[in-house]
Amino acid sequence: MHSPRFSTAPKGRLSDEFIAPPFTVLDARQGYWIKRKREWFTYLNRPKKPSVTMHYGRNVDRTVYDRIPAWMLGNSMTRASDFDPVLCELMLRWFCPPEGRILDPFAGESTKGLIAARLGYEYTGIEIRPEQVRTNRRQANRLRLAPKWIVGDAADITRLLPGRRFDGILTSPPYWNLEAYSSRDASGVIDYSDFIAWYRDILTKCAAKLRNNRFFVIKVGEVRNRRGRFVNFVGDTITILAGDAGLTYYNEAILFTPAGTLPLRAAIPFRMNRKLGKAHQNVLVFFKGNTGDIRHEFPQRIETADLSK
């Protein structure tokens, strides 16, 4: 099996010890990040510079558009739903014990599963679209990897994974109205209160399946309602996990993404109604258990060596 070759940064740099500096701003524009992302794309056999048309539509049931108002579609055609492979690697290596069991309740795209399996984790993802699961499994088979995808609604996780416990949760949920994936999931729900009730149910059930003294990592971003106002999706995520699920809100980071086509897309909305072009995502980290035990539960050294070895 061909494996990616990852070179380390010069000694003395934080990126040498941790892959990327462990700051609250994760800068995907930096050279070390771009280089490692290129190496992951080579391994996954994906284009190094995806075109705009790849950002949306290949995973989406276009028929759902017939029942979604135009205001909900907005600029979603230019949104990227793929999980950044370097961010995935960081979150696994930083916040999941080696060879641990990883749960992903929103496992539509294959990146998290492929990278987790490549790094030696036991990955289980839940995805409601059987056609997407078939695509993910074909990609895994081509790379001779064995992540596990289960067809189903994550709201049924108790039935789908009876008795299972996990060493880490890494996921990124649907952003309500930003991307509509199919008529079978909550991405097509018009009312935000209905969406957030479905979302709360899933997150609390997932937290219950997390082992003690383990991390729950979730990448989220704000979305707007039909009046152009933020719905506080990030805040609701924090309230659910730190309140309803009883986890400790432990870290938050901003993933600063490359501008890409943002300069072309940001001008008109800003001129018309002063909406800023979004160039970041929120990465929220929660902990279940006694935070004083973290130093004993997790290894001091972060693996950064050449993965092909």
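Which residues does Leu92 touch, not counting residues up to four places away in sequence? Leu92 touches Ile102, Ile115, Ala116, Leu119, Tyr121 and Leu170, where contact means heavy atoms within 4.5 Å.

## The model

This is a predicted model, in which local features need pLDDT of at least 70 and side-chain atom pairs count only at pLDDT 80 or more, while totals for chains, interfaces and linings use all residues. Residues are numbered from 1 along each chain as its sequence is written, and side-chain values use heavy atoms, with hydrogens and water left out.

## Overall make-up

The protein has 11 helices and eight strands; helices (H or I, at least four residues) and strands (E, at least two) are DSSP runs, numbered from the N terminus. Of its 309 residues, 51% count as buried, a term for under 20% relative accessible area, with a 1.4 Å probe and protein chains only.

## The nonpolar cores

A nonpolar core is a set of buried Ala, Val, Leu, Ile, Met, Phe, Trp, Tyr and Cys residues joined through side-chain atoms within 4.5 Å. The largest one has 44 residues, and Trp33, Met91 and Leu92 are those with the most contacts inside it. Among the elements that give two or more residues to this core are helix 2 (31–44), helix 4 (85–95) and strand 6 (210–220), and helix 4 gives the most, with eight residues. A second, separate core of 36 residues includes Cys206, Phe216, Val223 and Phe286.

## A buried threonine

Thr124 is found in strand 3 (residues 122–127), and Thr124 counts as buried because its relative accessibility is 2%. Leaving aside neighbours within four places in sequence, the contacts of Thr124 include Ile102, Asp104, Lys148 and Arg164.

Methods:
Buried < 20%, exposed > 50% of the residue type's maximum accessible area, 1.4 Å probe, protein only.
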